[in-house]
Amino acid sequence: VAVLVILALLWQITVDNTAYDQHMNGMDGLDDMALVAPGGNPAPIGGASTDADEFAPDAPTSTARIARVERMVSAPGRALHAIHDRLDPEQQPLLRLLLGGSWAQWFVAFVVGWMAFAALYWAFPTQGRTLSQGFQQGIGKGIWQGLYYWIQQQHVARGGQPIYYYFLLIPLYEQLAVVFGLAGMVYALARPTRMRLFLVWWFLGSLAIYSWAGEKMPWLSIHILLPLFVLAAIVIAKAIEGCVRFARDLSWSATFSATFSATFSAAFTWRARTSVLAVACAVLLLIPMVHSMYLLSQPDAGNGPLEMMVYVQTTPDVDTVMSKITTADQQLYGGKHQLKIVVGSGEEWPFYWYLRDYWLDPHPSTYVTFDPTTYSGSQPDVLLLLPGEEVQQFLAAHPTGYHMKEYRLRAWFDESYKPLPCVPTKTKTCPPAGDPLLYGQGLGQYLSYGSNPPPNATFNLGKAAPRLWNWLWYRQPLGATTGSYDFVFIVRDGLPIQP
């Protein structure tokens, strides 16, 4: 990129110097040597003579060569400018806008974008890192390492979400943005400006890329929503302007009309009606958005089974268990974090973080796998183990002296909206069977019936609409709420807590 930029600048210097020498030497007839202005227009320099035969014998060979190369290089720009001039600004505003930019504007935009990128990714020099190393590590990794990481993650496809994931997630929470954002996109295409077209490109590009990407998560929806909200704001702003104009016209007409009905009829044009209706719809759509924001963030922010926006959430059971552990440590050791705790394999995250002030056995820094049959440490006070074989082995080795209870560590929103597994027929072949977590009941069946639709069920709007309504306002679950990753809390007898 740097070499291309340098070559372009050197060529422009060469052309400008040739034109300047031509002008200073008083040589006419250089119309064919015309430089192309930033807008694509020829910009002749020198005299007005256009006789090529008169010019050719006298012109230096290098000047003629530069002129021919310049004509070839600038030919696409002249062609685009000619098309631009023939376009009707009223009937073809979009094409005229796209063809109106010059190479200089694109060049400046590229340089500004590159400078912003470099400023954000440059690793500042510190002890052991020079200025050049900071450039190599920051800029290099910013370009290639990030791209390489996501190329690798494309095959992992963490979450295994279907391509229509964001088409379900976003309308559940962002009703105002969806309705008015799509209206704003239509308005931007009908009345284009550079900014409006950029927002449309930004939104459609983000929606396409993030829907195609292997990893689809709720927090990534912000990249799709940001341009959509700005598009929605454009339409809402126009609607508010229309309401203000209606109020002004109403007050103006009142001074010249004897009756209110006549005044209102004169001011309440179709434009005013459209603006008032749009603002009213915006207010109505804002209500469920604010309602969902409140439920999602305040009353039960950890309620993963009811919130699709919460992909996987540590449950309140962890707080309950941590409260018990804290109580026991305070009563036995004065809160000095001396309680003997064992965290089994598979339960390290997030308990290593919650128990960071305690000495864990095995301690996370040693990465020792806990084996209940060969454990030789001191008798633990509490254990956090994965349900199943590990718990059974520990209780078999310690038949008395401990009590246990199973809790939910992480819970999630039901994913039966994923597509049905492929069923081969005589005329249909299916790819090799993959992870069963990639499949569900199908989107239409899930919205209509939930996690267990009847056989051969299809989408039923009459059933789906009230289910969505009840979820939106009352958070009645759309599917099963039993999906969870559990842990077993084992407590030694004699502690001042119960499991």
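A residue counts as buried when its relative accessible area is under 20%, as exposed when that area is over 50%, and as partly exposed in between. Lys 418, at 1% relative accessibility, is therefore a buried residue. The model discussed here is a predicted one. Its protein chain contains 17 helices and seven strands.

**The chain as a whole**

- The protein chain has 499 residues, and 33% of them are buried.
- The accessible surface of the protein chain amounts to about 29800 Å², and carbon and sulfur atoms account for 64% of that surface.
- Of the contacts between residues at least 6 apart in sequence, 67% join residues that are at least 24 apart.

**Aromatic pairs**

- In general, two distinct values, the distance of the centres and the angle of the planes, describe a pair of aromatic rings.
- The structure holds twelve aromatic pairs.
- One of them is formed by Tyr 173 and Trp 471, an edge-to-face pair with 5.5 Å from centre to centre and 85° between the planes.
- Tyr 173 belongs to helix 7 (residues 165-173) and Trp 471 to helix 17 (residues 461-474), so this pair ties together parts that are 298 residues apart in sequence.
- Tyr 173 has a relative accessibility of 4% and counts as buried; Trp 471, with 1%, also counts as buried.
- Tyr 407 and Phe 487 form a stacked pair, because their ring centres are 5.7 Å apart and their planes stand at 20°, where planes under 30 degrees apart count as stacked.
- Tyr 407 lies in strand 6 (residues 402-412) and Phe 487 in strand 7 (residues 484-492), so the pair ties together parts that are 80 residues apart in sequence.
- Tyr 407 and Phe 487 are both buried.
- Tyr 407 and Phe 487 also belong to a cluster, linked by ring pairs, that includes Phe 351 and Phe 489.

**Charged side chains over rings**

- Arg 475 is placed over the face of Trp 471, at 3.9 Å from the ring centre.
- Trp 471 is thus named in two arrangements, for its ring also pairs with that of Tyr 173.
- Arg 356 is placed over the face of Trp 353, at 3.8 Å from the ring centre.

**Salt bridges**

- Side chains of opposite charge can pair when their charged atoms come close.
- The structure holds four salt bridges.
- In one of them, the side chains of Glu 215 and Arg 158 meet with 2.7 Å from N to O.
- Glu 215 is found in the loop between helix 9 and helix 10 (222-254), and Arg 158 in the loop between helix 6 (131-156) and helix 7, so the pair ties together parts that are 57 residues apart in sequence.
- Glu 215 is buried at 6% relative accessibility, whereas Arg 158 is partly exposed at 43%.
- Another salt bridge joins Arg 492 and Asp 381, whose closest N and O atoms are 2.8 Å apart.
- This pair links distant parts of the chain, 111 residues apart: Arg 492 is in strand 7, and Asp 381 is in the loop between helix 14 (348-354) and strand 5 (382-385).
- Arg 492 counts as partly exposed at 22% relative accessibility, while Asp 381 is buried with a relative accessible area of 2%.
- The buried residue Lys 418 forms a salt bridge with Glu 415, and the closest N and O atoms of that pair are 2.8 Å apart.

- Ser 275 is located in helix 12 (residues 270-297), and its relative accessible area of 10% makes it buried.
- Apart from its neighbours within four places in sequence, Ser 275 is in contact with Lys 238, Ala 239, Gly 242 and Cys 243.
- Trp 202 is located in helix 9 (residues 194-212) and is partly exposed, with a relative accessible area of 27%.
- When residues up to four places away in sequence are not counted, Trp 202 touches His 223, Leu 226 and Pro 227.
- The C-alpha atom of Trp 202 is separated by 8.8 Å from that of Leu 228, a residue 26 places apart from Trp 202 along the chain.

Definitions and conventions
Residues are numbered from 1 along each chain as its sequence is written. This is a predicted model: local features need pLDDT of at least 70, side-chain atom pairs count only at pLDDT 80 or more; totals for chains, interfaces and linings use all residues. Side-chain values use heavy atoms; hydrogens and water are left out. Helices (H or I, at least four residues) and strands (E, at least two) are DSSP runs, numbered from the N terminus. Buried means under 20% relative accessible area, exposed over 50%, partly exposed in between (1.4 Å probe, protein chains only). Contact means heavy atoms within 4.5 Å. Accessible areas come from the Shrake-Rupley method with a 1.4 Å probe; for residues, only the protein chains shown count as cover. Rings of Phe, Tyr and Trp (its six-membered ring) pair if their centres lie within 6.5 Å; planes under 30 degrees apart count as stacked, over 60 as edge-to-face and the rest as tilted. A charge sits over a ring if NZ of Lys or CZ of Arg is within 6 Å of the ring centre and within 35 degrees of the ring normal.
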